[in-house]
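Me: I would like to go through this model strand by strand, with the cut-offs stated as we proceed. Could you take my questions in turn?

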Amino acid sequence: MSVDENSITIAKGGDYRLSGDSAGRSLIVNAGDEEVTLILDGARVISHQSAALYIQKSGDVTVRLAEKSDNLISDSDGSVSNDEPQGALFSRADLRIEGGTGASLTVKGLREDAVVGKDDLDLRDVTLVVDAKDEGIRGKDSVDIRRSNVQIVAGGDAIKSDNLEREDKGFVNLEDSDITISAGDDGIMGANKVDIAGGNLKITQSYEAIESRYITIHSGNIEVNAKDDGLNVTLKKTAEQKAAAEEERGGRGHGKAIDGLLSIRGGYTIVHSGGDGFDSNGHAEMSGGTLIVNGPLSQRDGYIDVDGTFNLTGGTLIAHGSSGMAQTPSDTSTQPIIQVNLDSPLSTGDHFTIRDAQGELLLDYVAPRDFQSLTYSSALLKKDGSYTVSVGGKEIAQLTLESEITRHGKAGRGPRAERSWWQFRSDDDRPPRGPRPE
C-alpha cells in the first residue's frame, strides 16, 4: 500500500482492514488480476479530487463491513470530466458488498453517481444509504440485492443495469430486501430483466417506477409512485438498433407487440401512476398475488395498457382510472373479470362495492383518487354468477357473468385487448408529454 498527497493505492491482492479518515484522499485499488477484500471498520473515505473508492483494475473485489461499524464513502461537490470515474464508489471489476451485524455504509455521490459497477454488482446482508446527484446504484452487467436494507435518494435513476449487448446481462434482482427509493428519473431500470422476490419495495417518487423488457413480481410487498408509467415493459435499444428500427418502419407505427413480458405471480403490489399504470409493449400475465392499479384520469392513458395478450388465471386485480383507454385482460383469461365504466367520475373516498346474489360483500374498495372505470377480477367471482355493483351506496348495475369478461357501461375508446395493435398509434405519434427530468 502506498500513500501520497491525493491517494491511497492498493497494488496487490489480499485482505485490507481500513479504519479512520482518508484525509481527503481517494482509495485506489490497482491490483492486476488479483482478488482484493476491503474490510471497512469505521472508515471515512472522503475524496476532494475524484471517486472516493476507485477500483481501477483487479480480480473480484469484496467490500465487507465490520460488525457494529458505521462507514462513509463520499466524493465532493464539483464537475466530472469524461475520463474520470463517474461515481463516489466506482468499480471496473466485479464488486460484492457484504454487511456485518450492526454495520452500515453510507455512499454519497455529490458530483454524479453514488455506487457504480462496470461489471456485476452484488449486495448481500447490507444496510446501505445512498445519496446521489444523478444515479444511485448502477451495475452495467447486473445489480443483485439480497437480504439487505437499502435507502436511495437519487436525482436520476435509483437502481439501474443497462447492458444491451448481452441478453443474459442487464438485469436487476431484488430478493428478501427492504428497499426505499426516491428518484428523479426511473426508480428501477433493468435493460433486459427485473425480478422481485420477497421483502418490501417502496418507490415514493419516480418518473417511471419499474422499467424493463421482462418484469416478474414473484412475491413481496411493493408500492410504487410514478409521474408517468408505473410498471413498464419496453425494449431498450442501442443507437444502432434504434436507427435500424426507424428505417424499417419508415418512421411510423410501432409494429407488433415486442418479445417482452410483465408477470405478476404473487405478492401485494400497489401502483400509483400519472401515466399508464400496468403497461406492457409486449405481453402480460397474472397468476397470483394482488395487484392494485391507481391509474390516471387522463383519457389518453390507461390503467392497463398491453399491446399483446394479457392472460389472467389467478390472483386479485383491482385497476382503475380513465374510461377513455380502459382495457381489460384478454378474453383468453380463465378467471372471470368485471369492468365497470361510469357516466361520470367516482370521487375520492367513495365506496365501490360488489355483492353476490346472496348479498355477501366481495369487494368494498374505497377510491384513493377519482376514477371513471374499474376492472376487477378475483377467485371469488364465479362464471354464470350474478352480482350487484354499487357506488357511494347507490346500486348502478346487476351483472351476470355469462363469459370470462363482463362489462357495464361504455369505455371511450374501448378496451385495447379487443383490438389489433395496428389500430393504435405508437408512442411516437402521441402528443408530447414534455421532457423527462434532466
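Me: Over how many bridges do S13 and S16 pair?

Reply: This is a predicted model, in which local features need pLDDT of at least 70, side-chain atom pairs count only at pLDDT 80 or more, and totals for chains, interfaces and linings use all residues. Residues are numbered from 1 along each chain as its sequence is written, and side-chain values use heavy atoms, with hydrogens and water left out. Strands are DSSP runs (E, at least two residues), numbered from the N terminus, and two strands pair if DSSP finds at least two bridges between them. S13 and S16 meet that criterion in the parallel sense, and the number of bridges is 5.

Me: Which residue in S13 stands opposite Ile97?

Reply: Strand S10, residues 95-98, runs parallel to S13 and is joined to it by 4 bridges. Within S13, the residue opposite Ile97 is Leu123.

Me: Which residues of S13 point the other way from Asp120, Asp122 and Arg124?

Reply: In a regular strand the side chains alternate between the two faces of the sheet. S13 is mostly covered, with 5 of its 5 residues buried (under 20% relative accessible area, where exposed means over 50% and partly exposed lies in between, using a 1.4 Å probe and protein chains only). Asp120, Asp122 and Arg124 share one direction, and the residues pointing the other way are Leu121 and Leu123.

Me: How many residues apart in sequence are the parts that Arg124 and Asp144 tie together?

Reply: The side chains of Arg124 and Asp144 meet in a salt bridge at 3.3 Å, N to O, a salt bridge being a side-chain nitrogen of Lys or Arg within 4 Å of a carboxyl oxygen of Asp or Glu. Both Arg124 and Asp144 are buried. Because Arg124 lies in strand S13 (residues 120-124) and Asp144 in strand S16 (residues 142-146), the pair ties together parts whose separation in residues is 20.

Me: What is the N to O distance in the salt bridge between Glu175 and Arg146?

Reply: Glu175 counts as partly exposed at 25% relative accessibility, and Arg146 is likewise partly exposed, with a relative accessible area of 26%. Their side chains meet in a salt bridge, and the N to O distance is 3.9 Å.

Me: Which strand gives the largest share of the lining of the second largest pocket?

Reply: Strand S34 (337-346) and strand S39 (394-400) each supply at least two residues of the lining. The largest share, 6 residues, comes from S34.

Me: Is Thr406 buried or exposed?

Reply: Thr406 sits in strand S40, residues 405-408. Its contacts (heavy atoms within 4.5 Å), not counting residues up to four places away in sequence, include Ile337, Gln339 and Leu401. With a relative accessible area of 10%, Thr406 is buried.
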